[in-house]
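Subject: Structure for your review: salt bridges

Dear colleague,

Please find below the structure that I am handing over to you.

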Amino acid sequence: MPCFCPENKHFKNILHYLIQPNEKISLSLFVKKPNSELIEEKDFIFDYRKSFESEEFQDAYEKLLLDIILGNQTLFVSTEELLSSWKFIDSILKIWRKNKPELLIYKDKEILNIDFESKKVQKKEIGIIGLGKMGKNIALNLLNHNWKVFGYDKNINEELNFKTFNNLKDLTLNLNSPRIILLSVPHQSVSEVIWGKDGLVNYLTKGDIVLDFGNSFYENSVENYKKLKKLGIKFMDIGISGGPSGARHGASLMLGGDKKVFEEIKYLFEDLALPGGYAYFGKAGSGHFVKMVHNGIEYGIMQAIAEGFNLMKNADFKFDLQKIAEIYNNGSVIESKLIEWLRKAYEKYGENLEEVSGSPGYSGEGEWTVLTGKKFKLQVPVISKSFEFRVKSKKNPNYIGKIIQALRNQFGGHNIK
């Protein structure tokens, strides 16, 4: 019988006892969701403190300190009992120090399939700033993974199945510290959102985490990391690929920032990405650098596809371009999502792509890749020419531009005009 686990992953049902600081018992079960091909993790949790939150709950040490002040010795052991305890424990420690008998120690916590540190801080609550095509789908994805989502977008004009706010102050006040804030806004808006007059930084506190999921220039991400670190606020730069569909159902994530922060919230990336679809690449800026190059490569691939199909469109053979895209994407060496998206574009708009603009848009990443190549004194001719084509197409729209814009529409939801 086939395994319903994601590829290369096999899970165990685990019973967790968390003693400190938040006493709870949880049972993690991997179950098959109706109408789904894979299994997913579901937790059944008994939280001791939350179960009694309607009553006055006193921390153990608070009670002991109060008993000391009141002279109540009920919960304290006598000197004789304390000495007897250590006499018993010391005899065990002496044997252990000599390693007789040999202690069996689990060197790999994967033996238990549990990371106690990450479990300790797993708090599935997040604020998302920017609820456009990407931000909204990220939110819906996280809701499916049992996250409590709060959102803010000054241009929101639709009813969503999670709480949204009209300003950043209300958003942050409704999140428990330490907060996780995800930015899904255009790169031009990141600075204003964080540092503006009514920016996020006015309402954050030490230990909060800011995640920039936008296509920001990596050098700007490094600066934001440094400035926020001085305030005790953590920052990670995340490149995300896969378009709105990937954001909704599982994306490819490229992560940069402090390794400790990555480890602290790795469970978030596991929920957002496809199985095996995320990786940590190093210090601040590295995530957006990898994404910048990804988009530069994307420029070149799209340009090559468009030029090739333009050549076939002008040949004497009267090719069925949609059929060619279908064949290319069935076992050929150039099989790819982009070829499939081109097939879908032909199916939707016709092979002449009459409704589609011949001047494809560009948002910065291609140009940044070219400029970074020059900065490093490295040649990136394919990416450079691809970027130049888009700039020149503003005055000279053509069929190659139509294909590129049709592809942008298919994977990113960009307007065909």
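This is a predicted model: local features need pLDDT of at least 70, side-chain atom pairs count only at pLDDT 80 or more; totals for chains, interfaces and linings use all residues.

Residues are numbered from 1 along each chain as its sequence is written, and side-chain values use heavy atoms, with hydrogens and water left out.

Across the whole structure, the search finds 11 salt bridges (a side-chain nitrogen of Lys or Arg within 4 Å of a carboxyl oxygen of Asp or Glu). One of them joins R179 to D208, with the closest N and O atoms 2.7 Å apart. This pair links distant parts of the chain: R179 lies in the loop between α6 (168-173) and β7 (180-183), and D208 in the loop between α7 (190-195) and β8 (209-212), 29 residues apart. Helices (H or I, at least four residues) and strands (E, at least two) are DSSP runs, numbered from the N terminus. R179 is buried at 9% relative accessibility, and D208 is buried at 0% (buried is under 20% relative accessible area, exposed over 50%, partly exposed in between, with a 1.4 Å probe and protein chains only).

Two further pairs lie within helices. In α13 (residues 321-328), E326 and K323 are three residues apart, about one helical turn; their closest N and O atoms are 3.9 Å apart. E326 is partly exposed at 38%, as is K323 at 43%. In α16 (residues 381-392), K385 and E388 are likewise three residues apart, and their closest N and O atoms lie 3.8 Å apart. K385 is exposed at 57%, whereas E388 is partly exposed at 33%.

Finally, salt bridges link E340, R343 and E347 in a network.

Kind regards
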